[in-house]
Amino acid sequence: MAETPDQVHWRGVHHLALVTADMDATVRFWHDVLGARLVATLAVPAFKHYFFDVAPGNTVAFFEYADQPLDSFAKPAGVPYARAAQFDHLALHLPDEEALHRMRDRLKAHGCEVTDVIDHGFLRSIYFSDPNGIALEASWWTLDPTGRPADHSDERLFADPDPVPAVRELREEGRLRHTVATRLVDGVIEDLRREGITLER
């Protein structure tokens with residue numbers, strides 16, 4: 001696909017914001033067990049917000065809210081759970097099979113439960129959890145589909161035998177016929193209004 005002037009140039013995930021009830025345990029796990037360096041912190045009376053480096057320019061961040069009881073839960077990756085309607089698990093990228101085995105050994109050395117390596121075809125993974133019960137995965141691409149044109153007819157990567165209409169459009173026409181509109185949640189709009197910012201709807 002030829003580049004156009006309005007092409008988006010993503011550079012990864014700036015930060016994924018998660019929630020913790022225990023920032024100290026979170027720092028100890030993410031910084032030391034996973035080796036994701038703590039690279040920035042900020043705090044206001046209502047919360048702490050800490051950032052962990054997972055790749056150049058890419059961080060996983062946590063909020064710890066002050067005086068706010070949390071109704072937390074834990075769930076394994078890929079298992080439906082009504083309380084986790086928008087988030088299933090976070091998968092972090094490793095370069096190869098050796099790195100995946102090293103991470104598995106590192107987790108075990110720190111007393112963390114972790115699965116055997118699971119072969120998903122175009123990626124291999126291990127699964128574990130952080131101290132907050134957040135389901136985590138470490139993976140590497142055995143067949144990397146990123147950084148090159150997508151071939152939507154390649155059944156090694158597009159294996160759904162009954163894909164959604166959008167995938168059929170990409171496969172058959174090379175483009176999507178339409179997109180979808182989204183809205184901000186009312187709480188965000190109310191917060192902006194308090195700051196004197198109004199949005200056109």
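**Figure 1. Surroundings of His 152.** His 152 touches Phe 158, Leu 170 and Arg 171 when residues up to four places away in sequence are not counted, a contact being a pair of heavy atoms within 4.5 Å. The model is predicted, so that local features need pLDDT of at least 70 and side-chain atom pairs count only at pLDDT 80 or more, while totals for chains, interfaces and linings use all residues. Residues are numbered from 1 along each chain as its sequence is written, and side-chain values use heavy atoms, with hydrogens and water left out. His 152 is found in the loop between β8 (135-141) and α3 (165-173); helices (H or I, at least four residues) and strands (E, at least two) are DSSP runs, numbered from the N terminus. With a relative accessible area of 19%, His 152 is buried, where buried means under 20% relative accessible area, exposed over 50%, and partly exposed in between (1.4 Å probe, protein chains only).

**Figure 2. The protein chain as a whole.** The protein chain contains four helices and eight strands, and its elements follow the pattern β-α-β-β-β-β-α-β-β-β-α-α when read along the sequence. Of the 201 residues in the protein chain, 26% are buried. Among contacts between residues at least 6 apart in sequence, 44% join residues that are at least 24 apart. The accessible surface of the protein chain comes to about 14300 Å², of which carbon and sulfur atoms account for 54%; accessible areas come from the Shrake-Rupley method with a 1.4 Å probe, and for residues only the protein chains shown count as cover.

**Figure 3. The largest pocket and its lining.** The largest pocket has a volume of about 630 Å³. Of the 21 residues that line the largest pocket, Val 54, Ala 55, Ala 91, Leu 92 and His 93 are the closest to its centre. The elements giving two or more residues to this lining are β3 (47-55), β4 (58-65) and β5 (90-93), and the largest share, four residues, comes from β5. By class, the lining has 14 nonpolar, six polar and one charged residues, with Ala, Val, Leu, Ile, Met, Phe, Trp, Tyr, Cys and Pro counted as nonpolar, Asp, Glu, Lys and Arg as charged, and the others, Gly among them, as polar. A pocket is an open set of points on a 1 Å grid over the protein atoms alone, where a 1.4 Å probe fits, with protein on both sides within 12 Å along at least five of seven lines, and lining residues have an atom within 4 Å of a point. Grid points are joined across faces, edges and corners, and the volume is the space filled by probe spheres set on the points.

**Figure 4. The salt bridge between Asp 53 and Arg 37.** The side chains of Asp 53 and Arg 37 meet in a salt bridge with an N to O distance of 2.8 Å, the term requiring a side-chain nitrogen of Lys or Arg within 4 Å of a carboxyl oxygen of Asp or Glu. Asp 53 lies in strand β3 and Arg 37 in the loop between α1 (23-33) and β2 (38-44), so the pair ties together parts that are 16 residues apart in sequence. Both ends are partly exposed, Asp 53 at 21% relative accessibility and Arg 37 at 47%.

**Figure 5. Further salt bridges.** The structure holds 10 salt bridges, including one between the side chains of Arg 102 and Glu 98 (2.9 Å, N to O). Arg 102 and Glu 98 are four residues apart in helix α2 (residues 97-109), a separation of about one helical turn. Arg 102 counts as partly exposed at 47% relative accessibility, and Glu 98 counts as exposed at 53%. Asp 154 forms a salt bridge with Arg 156, in which the closest N and O atoms are 2.7 Å apart; Asp 154 is buried at 12% relative accessibility, whereas Arg 156 is exposed at 54%. Glu 97, Asp 119 and Arg 124 are linked in a network of salt bridges.

**Figure 6. Lys 48 in strand β3.** Lys 48 has its place in strand β3 and is partly exposed, with a relative accessible area of 34%. Lys 48 and Phe 63 are 15 residues apart in sequence, with their C-alpha atoms 5.6 Å apart in space. Leaving aside neighbours within four places in sequence, Lys 48 is in contact with Met 23, Leu 42, Ala 43, Phe 62, Phe 63 and Glu 64.

**Figure 7. The backbone at Asp 67.** Although Asp 67 is not a glycine, it has a positive phi of about 50°. Asp 67 is found in the loop between β4 and β5, where it counts as exposed at 80% relative accessibility.
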